[in-house]
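Here is a short briefing to read alongside the model. Take a look at the structure first, then walk through the points below.

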Amino acid sequence: MSEALKENIAETVARETRKPFDLRPNQVAVPAGWEVKDTEHLLAAPRRKKARVGIATTLDFIDYLKRHGSLASCTIWCEADYPIGKVEYTAILNDHLEDKDGQQWRDHIATYTPAKSVEWKHWNDMNGKPMDQMAFANFLETNLADIASAEGYPTGTDMLTMATGLEIIQDSRIKSAVRIQSGGVRVEYVDDANADTAKSMEVFSKFALGLPVFWGGDAYQVEARLKYKLREGKLTFWYELTRPDKTLEHAAQSITESIKAGTGFPMFHGNPFAK
């Protein structure tokens with residue numbers, strides 16, 4: 001064998017038998033052309049817990065955190081924007097520990113977004129949206145069970161009577177709609193078939209609702225102020241809920257307290273993954 005051939009073989013062996021070597025803890029230098037594969041999937045169990053789960057109810061959220069979390073490493077975060085109706089909870093079950101060397105992976109995550117009730121969605125979706133007389137009357141009748149009988153407000157029966165009256169005069173010509181001392185609106189109208197006969201009815205200026213904010217949650221009283229506009233002999237109605245964001249905030253605080261009491265884990269307000 002020639003010396004040149006021996007030298008080529010030696011170089012080839014040296015090149016192909018190179019091994020990765022450590023630069024510092026958890027860093028490895030890999031020769032060009034090599035591929036590093038993680039064989040964790042071949043193990044009987046993963047090296048550690050990691051997951052991203054979405055929870056549907058408050059009780060399930062609490063149970064999951066108690067099952068997998070610990071006081072040392074589990075943190076809960078509440079991210080809320082009440083004016084836009086946002087309430088979300090995020091739990092990091094392997095968050096950083098308190099001591100200086102307590103860094104953790106923060107990749108075992110449970111999220112919970114409380115579902116709004118059907119009633120809350122119905123009334124918030126139509127909040128501030130104009131409706132003609134018939135549409136408004138139908139809306140009141142469809143959602144009559146949500147109207148609360150509270151002191152200083154019309155009852156559900158009163159509201160149904162008003163809705164029926166609006167249906168009756170829908171094809172009549174409105175002469176005027178004026179505010180009266182009680183705060184309501186007196187609507188004067190005439191039937192085009194008998195223009196000499198004028199009639200009137202009173203429309204309430206506000207009413208109370210009893211609405212659960214979240215699915216399966218407690219109901220809260222919310223005030224709705226009735227508005228109207230008269231144009232070309234036709235009335236347009238809408239309502240404006242009084243500070244629904246404060247009602248949402250109060251309902252969310254109740255959930256927050258339940259989670260804190262049920263788990264005992266620390267609660268923070270904000271985004272745990274803010275950039």
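Four strands make up an open sheet, running E7-E13-E12-E11 with antiparallel pairing; two strands count as paired if DSSP finds at least two bridges between them. Strand E7 (131–132) and strand E11 (206–212) are the edge strands, each with a single partner, so one side of each has no neighbour in the sheet. Helices (H or I, at least four residues) and strands (E, at least two) are DSSP runs, numbered from the N terminus.

This is a predicted model, in which local features need pLDDT of at least 70 and side-chain atom pairs count only at pLDDT 80 or more, while totals for chains, interfaces and linings use all residues. Residues are numbered from 1 along each chain as its sequence is written, and side-chain values use heavy atoms, with hydrogens and water left out.

- E7 pairs with strand E13 (residues 234–241) in the antiparallel sense, over two bridges.
- Asp132 stands opposite Thr236 in E13.

**Aromatic contacts**

- Across the whole structure, a search finds nine aromatic pairs (rings of Phe, Tyr and Trp, the last by its six-membered ring, with centres within 6.5 Å; planes under 30 degrees apart are stacked, over 60 edge-to-face and the rest tilted).
- Phe136 and Phe237 form a stacked pair, at 5.3 Å centre to centre and 15 degrees between the planes.
- Phe136 belongs to helix H4 (residues 133–142) and Phe237 to strand E13, so their pair ties together parts that are 101 residues apart in sequence.
- Phe136 counts as buried at 0% relative accessibility, and Phe237 counts as buried at 2% (buried is under 20% relative accessible area, exposed over 50%, partly exposed in between, with a 1.4 Å probe and protein chains only).
- Trp123, Phe139, Phe207 and Tyr239 form one aromatic cluster.
- The charged end of Arg52 sits over the ring of Phe273, 5.9 Å from its centre (this needs NZ of Lys or CZ of Arg within 6 Å of the ring centre and within 35 degrees of the ring normal).

**Salt bridges**

- A search of the whole structure finds 10 salt bridges (a side-chain nitrogen of Lys or Arg within 4 Å of a carboxyl oxygen of Asp or Glu).
- Arg48 and Asp107 meet through their side chains at 2.9 Å, N to O.
- Arg48 is in the loop between strand E2 (27–29) and strand E3 (51–55), and Asp107 in the loop between strand E5 (86–92) and strand E6 (108–112), so this pair ties together parts that are 59 residues apart in sequence.
- Both ends are partly exposed: Arg48 has 30% relative accessibility and Asp107 has 22%.
- Asp101 and Lys100 also form a salt bridge, at 3.2 Å from N to O, and both residues are exposed.
- Asp38, Glu40 and Arg47 are linked in a network of salt bridges.

**Helix H6**

- H6 has 20 residues and reaches 29 Å from its first C-alpha to its last, close to the 28 Å expected (1.5 Å times one less than the number of residues).
- Glu257 and Lys260 both lie in H6 (residues 244–263), three residues apart, about one turn of the helix.
- Glu257 forms a salt bridge with Lys260, with the closest N and O atoms 4.0 Å apart.
- Glu257 is partly exposed at 48%, and Lys260 is partly exposed at 36%.
- Buried residues of H6 include Leu248, Ala251, Ala252, Ile255 and Ile259.
- Gly264 follows H6 and has a positive phi, near 80 degrees.
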